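Hi everyone, thanks for coming. I'd like to walk you through a structure, so let me bring it up on the screen.

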Amino acid sequence: SVGPMSSSRTARRLDFETREASIDDAELYMAGEELVETLLCLEKPRDSDEGLEPDEEVPLLRNARANEVDHRGRGAVAIVFSLWNTMVGGGLLMLPWSFTEAGCVAGVLLTISIACVCAYTAYLLYHHGRNYDDISLVALKYFGKKGQICVSIVMALLVMGVFLAYDVMATDCVYQSAVGVHDFIHGTSTNPADEARSTQCTILDISCWSRSKAGIVLTLVLFSLSLVKHVSTLIKINSFGVLSIVYLIVFIIVQSVIVGPVAPQPLAVTWISPAFPRMGGILVGTFFIHHAILPVLKTAHHTVQRGRCLFVAYILAAITYGLPGLLGQYSLDFVRLRLSKHGYRDGANFLSAFATNQPFAFSARVAMGLQLVTVLPLLMYIARRQMLGVAFHGLQTPLWIVPTLNAAMLLLGLTCIVGNVGIGSIMRYASATGGFLLLFLFPISVHLRDRWTSGSESKLSTWGHLILVVLGLALSVGQFLPLQTHMRDASWPTYMLRQ
């Protein structure tokens, strides 16, 4: 077994990797104030950078200089906002569907409990890795080179799962927005979940348009964006993504209980549904920010504020996810979609419940689509950097590798689109593997190894942490079980669902 690394050779290797590593991949995934501030500190091109791959020709910020960005640090409000903005994203659209899988009461309890567990394991990573800028270096310290490679591979797989889910969601936005423009012009209305198209059509006829064709168009656009040498432009655009998220929250709440037709009771069962582990899988993926914990918290002005900011950010994220997810059950449009033939697949995208020519829904689709188009290349960058770090660690990357990996990831996404794979299923299965390993097993293993080495871990604390690992494993296994969803389909009057 590999124990804590104390030899001078290992210490020198750790120090070398800390000094020479380029920008932490997590920073490229963050959108918001911290990205804008980081962009102000971009380094200029240097002669020594000419031989790097396209992604690395202009390093954004060396990890070794991360503490030199702002000697004053940032306040608690800015840190909380950065962490909240990193967590909250397109997963908002999946929460009403998730509550139908778990039940209203069970959904609220799951949201609170998983947020608390994720906040605690994220704090464990920060506590034991506060001297580093990347969790892979924490894995190298406690579990050696093999541990670092395993963490990098799992990170790449989890990010790929999020990428595939967002790719399908972005395709839905592109497809429905294009149909919406046609409906506005011709005064028609289309059900987004209905993909029946005539095989006899002209190139200008909307009947030629389908999700598969929208996926092909989006794939070509994303492939072009993924070849951009400098990602600073995408980061700048994505930093305004918080506006889209706020607009989406307002849309879900207003459309569910104020403007749209309101259901007399929530669609989900009152207490608990046997399929509640599915919602747990979605929440594990949406609450995952462990890759961004170290670079964000290190910018805090006061050290004592860091743990407090982390827990406050998780509380706000739990409220942000829980409120729209719960209120979305009262949208009669969503009820109709969820109880339809393909409701399990299409219901994971809340926007699919509304007509394409509805202005409020149309604007929400456009806003969400634009944000996802800027997020997806960044997710590809993070996954690619993790894979390249394992395969070409310390070596120059061949130029053909980057476009090849980009094409492979996009073709995998296009396969999910053409195969009509559900967004919820992609997120659940990705969280079942990568989420368990990175949110439960890895942080707790780091904590227990450190405490066992120092002899400060009690038996009660050890058993408590092991119980958390077992619960995480049970949640992971539950994603693959054929569980039955309990909804109020028998109690809905037929005329309400057809009107």
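Before anything else, one cut-off: I'll call a residue buried when its relative accessible area is under 20%, and exposed when that value is over 50%. Keep in mind that what you see is a predicted model.

Is Ser425 buried or exposed? Its relative accessibility is 13%, so Ser425 counts as buried. You'll find Ser425 in helix H18, which covers residues 423-454. Now look across to Arg278: the two C-alpha atoms are 8.6 Å apart, although 147 residues separate Ser425 and Arg278 along the chain.

Zooming out, the protein has 20 helices and 0 strands. Of its 499 residues, 57% are buried. If we take contacts between residues at least 6 apart in sequence, 85% of them join residues at least 24 apart.

Please find Val105, Leu109, Trp271, Ile272 and Phe276, which make a nonpolar surface patch of about 510 Å². Ile272 sits in the loop between helix H10 (241-257) and helix H11 (276-286).

Finally, confidence. Mean pLDDT is 78, and 76% of the residues reach 70 or more. Which element has the lowest mean pLDDT? That's helix H3, residues 33-39, at 38, while helix H17, residues 401-418, has the highest at 93. Over residues 1-14, pLDDT stays under 50, and over residues 490-499 the pLDDT is below 50 too. Thanks, everyone!

Definitions and conventions
Residues numbered from 1 in each chain as written. Predicted model: local features only at pLDDT ≥ 70, side-chain atom pairs only at ≥ 80, totals over all residues. Heavy atoms only, no water. Helix = DSSP H or I, 4+ residues; strand = E, 2+ residues; numbered from the N terminus. Buried < 20%, exposed > 50% of the residue type's maximum accessible area, 1.4 Å probe, protein only. Patch = residues over 30% accessible without salt bridge, like charges linked within 9 Å, V, L, I, M, F, W, Y side chains within 5 Å. Areas by Shrake-Rupley, 256 points an atom, 1.4 Å probe, with all protein chains shown as cover. Salt bridge = Lys/Arg side-chain N within 4 Å of Asp/Glu carboxyl O. Contact = heavy atoms within 4.5 Å. pLDDT = per-residue confidence, 0-100.
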